[in-house]
Amino acid sequence: MASQALTYDGCNFFRQRLVLSTLSGKRVKIKNIRSRDDNPGLRDFEASFIRLLDKVTNGTRIEINQTGTVLFYQPGLLCGGSVEHDCNPQRSIGYYLEALLMLAPFMKTALRATLRGVTNDPTDPSVDLLKSTAIPLMKKFGLEGEGLDIKVVKRGMAPGGGGEVVFTCPVRRTVRPVLFTDPGKIKRIRGVAYSVRVSPQMANRIVDSARSVLNQCLPDIYIHTDHMKGANSGKSPGFGLTLVAETLTGCFLSAEMSSTPQGQGDPVLPEDLGRDCAKLLLEEIYRGGCVDSSNQSLALLFMTLGQQDVSKALLGPLSPYTIEFLRHIRDFFQIMFKMETQKASEDEMKGGDKVLMTCVGVGYSNINKTIK
């Protein structure tokens, strides 16, 4: 059985391979996972991710060798339902939630996932960013519904965690093809400055410094301050900022920064964090495109699984993660995108050449028939 599986080397792009394997129904074998490392094999957060996939599927077969350097994964059927999972604090909840966003619309029953762990850290997308950008993007593909939401119940900063997030998503078997080629001009900027187990003034200082940069560009700016206390504030102190720019055509571009985890690296001033995050947002706008760099792979997946019709999306410069995702889509679904580079005109800011991605969807219902 393992001999017929798609075979990959190394631990890079681990989530991509398992998520696409689950959606396509194709077995996958990953070998030489940190085989030359002093501490070889799967890390705790990767094992936790495999357990989460096992909870949302039925009939999944997982084999790991004694050293943890070889994984064989035979996907079962996506069943959904009510799931609770304690995420490993080495990575934030965003690491796990990104995968659930890709899988949730195609489950047998509506998903209600309660995830506990780190809600905000400097490595992974925070739950605030995914709520502000990924959810509106899913609605563009016709995946909207009454239950589609991400709710932050408790906030937990790295390294202690203690946060809790509830993600609900209704079932949608068909994905609408999109024509997403006009980014439009920025009409407003929204954001959330959060602080836990530190002075509430920290969030206000972040807002002031971020506005000092953004007010020069746009008048319609509102940054909400979120200070959680007591049991809802997690186990570690910290603060951060998430900013989202919305365009006239309904595109969402985002940037975020959070403070250095307690006991790691140099401390960060709230003023510096707010100013740097505002500049990151301006850089994301400068790159252009209809989808920000953190959600490129999500948009490409829904274009692939959409109905058998042409979908087009204009993206900014592709990130290395997105480039590898395109290679994996070719392996698992035999779908290749037509890519056209669009040179920026002299009137536009040259944030890099934009890429017009075109593909004909394979249709998730068709994949389902082949699995059965």
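How many cavities of 30 Å³ or more does the count come to? The count comes to two. Both belong to a predicted model. The report takes the cavities in turn, then a helix, a strand residue and some backbone details.

## The largest cavity

The volume of the largest cavity is about 130 Å³. Its lining is made up of 15 residues. Closest to the centre are E98, A99, M102, S297 and Y321. By class, the lining of the largest cavity holds nine nonpolar residues, four polar ones and two charged ones.

Which helix gives the largest share of this lining? That helix is α3, with four residues. At least two lining residues come from each of α1 (14-24), α3 (93-103), α4 (127-140), α7 (296-304) and α8 (320-333). In terms of domains, domain 1 (1-76) and domain 3 (291-360) each supply at least three residues of the lining of the largest cavity.

## The second largest cavity

The second largest cavity holds about 80 Å³ of space. Its lining consists of T133, P136, L137, K140, F180, G250, C251, F252, C290, V291, D292 and N295. Seven of these lining residues are nonpolar, three are polar and two are charged. Helix α4 makes the largest contribution to the lining of the second largest cavity, with four residues.

## Helix α3

Helix α3 is largely enclosed by the rest of the structure, because eleven of its eleven residues are buried. The buried residues run from I93, G94, Y95 and Y96 through L97, E98, A99 and L100 to L101, M102 and L103. E98, A99 and M102 from this list are also among the residues closest to the centre of the largest cavity.

## T168 in strand β10

T168 sits in strand β10, which covers residues 163-169. Is T168 buried or exposed? Its relative accessibility is 18%, so T168 counts as buried. The cut-off for buried is under 20%.

A polar atom of the T168 side chain lies 2.4 Å from the backbone oxygen of G147. Leaving aside residues up to four places away in sequence, T168 touches L111, R112, G147, L148 and D149.

## Backbone details in loops

Which two residues does a cis peptide bond join? They are A158 and P159, with omega at about 0°. P159 lies in the loop that links β9 (149-154) to β10.

N32 is a residue other than glycine with a positive phi, near 50°. N32 is found in the loop between β2 (28-31) and α2 (44-56). With 38% relative accessibility, N32 counts as partly exposed.

R197 also has a positive phi, near 55°, and is likewise a residue other than glycine. The loop that holds R197 runs between β12 (186-196) and α5 (201-214). R197 has 49% relative accessibility, so R197 counts as partly exposed. The cut-off for exposed is over 50%.

Definitions and conventions: Residues are numbered from 1 along each chain as its sequence is written. This is a predicted model: local features need pLDDT of at least 70, side-chain atom pairs count only at pLDDT 80 or more; totals for chains, interfaces and linings use all residues. Side-chain values use heavy atoms; hydrogens and water are left out. On a 1 Å grid over the protein atoms alone, a cavity is a set of points where a 1.4 Å probe fits but cannot get out, and a pocket is an open set with protein on both sides within 12 Å along at least five of seven lines; lining residues have an atom within 4 Å of a point. Grid points are joined across faces, edges and corners, and a volume is the space filled by probe spheres set on the points. Ala, Val, Leu, Ile, Met, Phe, Trp, Tyr, Cys and Pro count as nonpolar, Asp, Glu, Lys and Arg as charged, and the others, Gly among them, as polar. Domain bounds come from an automatic or database domain assignment. Buried means under 20% relative accessible area, exposed over 50%, partly exposed in between (1.4 Å probe, protein chains only). A polar contact is a pair of N or O atoms within 3.5 Å; within protein, one must be able to donate a hydrogen and the other to accept it, and residues adjacent in sequence count only if both atoms are side-chain atoms. Contact means heavy atoms within 4.5 Å.
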